[in-house]
Amino acid sequence: MINSGGVLKVVDWSPLNWLYVLFNTMEEPVRADQEGRIIPALAESFEWLDANTLEMRLHSDVYYQNGEYFDAKVVLNNFEEVGKWAAPHPPGTWLNLFEGTVIEQINPFTVRFHFPKPDGLVLGKFRAQHLADELFWRNLGFGYKKLGSGEGHW
């Protein structure tokens, strides 16, 4: 519920309410279709270049609700922010990318992930990589502004 001041008030006290809010305010690079196959979402496509390198091409016509533009810089910023945490995902550290993963911007709409070793779960992990706009990280960031850390504050 949003009151007249534009503030979101949570009226669903379910322990999973964060999930519903998250899925309605952020998008992921990939999704799972009804058969469970990984398909592009914010990514337009993805391709394994070799066993340790995944290239992801991004949609070029995406804007956040506040008008911010989505591009490769947003992806790099989100992975930098989330990478600060020991356990950025409530389901557990198995969703973390391997330590030593490097993200390279190829052009404004292409990023390349270099993994230190093969990771057969990485596309599933990207399903849990929520890409927020700059305003989110500047003002909320899962608790950074208020608490100094986002660790465990989903």
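Is Phe 113 buried or exposed? Phe 113 is buried, with a relative accessible area of 0%. Here "buried" means under 20% relative accessible area, "exposed" over 50% and "partly exposed" in between, using a 1.4 Å probe and protein chains only. Here are my notes on the rest.

1. **Ground rules.** You're looking at a predicted model, where local features need pLDDT of at least 70, side-chain atom pairs count only at pLDDT 80 or more, and totals for chains, interfaces and linings use all residues. Residues are numbered from 1 along each chain as its sequence is written, and side-chain values use heavy atoms, with hydrogens and water left out.

2. **The overall layout.** The protein chain has five helices and six strands. Helices (H or I, at least four residues) and strands (E, at least two) are DSSP runs, numbered from the N terminus. If you walk along the sequence, the pattern reads α-β-β-β-β-α-β-β-α-α-α. Of the 154 residues in the chain, 37% are buried. Now take the contacts, meaning heavy atoms within 4.5 Å, with a separation of 6 or more: residues 24 or more positions apart account for 55% of them.

3. **Back to Phe 113.** This residue sits in strand E6. Leaving aside neighbours within four places in sequence, Phe 113 is in contact with Asn 52, Thr 53, Leu 54, Met 56, Val 75, Phe 79, Val 102, Ile 103 and Phe 126. Phe 113 and Trp 48 are 65 residues apart in sequence, yet 9.5 Å apart in space, C-alpha to C-alpha.

4. **Aromatic pairs.** Rings of Phe, Tyr and Trp (its six-membered ring) pair if their centres lie within 6.5 Å; planes under 30 degrees apart count as stacked, over 60 as edge-to-face and the rest as tilted. By this rule there are eight aromatic pairs. Take Trp 48 and Phe 115: their ring centres are 6.0 Å apart and their planes meet at 45°, so this pair is tilted. Trp 48 lies in strand E3 (residues 43-50), while Phe 115 is in the loop between strand E6 (110-114) and helix H3 (122-126), so the pair ties together parts that are 67 residues apart in sequence. Trp 48 counts as partly exposed because its relative accessibility is 36%, whereas Phe 115 is buried at 5%.

5. What kind of aromatic pair do Phe 79 and Phe 126 form? Theirs is edge-to-face, 5.9 Å centre to centre with 90° between the planes. Phe 79 belongs to helix H2 (residues 72-82) and Phe 126 to helix H3, so this pair ties together parts 47 residues apart in sequence. Ring pairs link Trp 48, Phe 79, Phe 113, Phe 115 and Phe 126 into a cluster.

6. **Charges over Phe 98.** A charge sits over a ring if NZ of Lys or CZ of Arg is within 6 Å of the ring centre and within 35 degrees of the ring normal. Lys 117 lies over the face of Phe 98, 4.6 Å from the ring centre. The charged end of Lys 125 also sits over the Phe 98 ring, 4.7 Å from its centre.

7. **Two residues in one loop.** Where is Gln 129? Look in the loop between H3 and helix H4 (134-139). Gln 129 is buried, with a relative accessible area of 5%. Beyond its neighbours within four places in sequence, its contacts include Glu 27, Phe 79, His 89 and Leu 97. Ala 132 is in the loop between H3 and H4 too, and is buried at 4%. With neighbours within four places again left aside, Ala 132 is in contact with Met 26, Tyr 64, Val 74, Asn 78 and Trp 137. Ala 132 and Phe 70 are 62 residues apart in sequence and 9.3 Å apart in space, C-alpha to C-alpha.

8. Arg 37 is found between strand E1 (30-32) and strand E2 (38-40). Leaving aside neighbours within four places in sequence, Arg 37 is in contact with Arg 31 and Ala 32. Arg 37 and Gly 124 are 87 residues apart in sequence and 9.4 Å apart in space, C-alpha to C-alpha.
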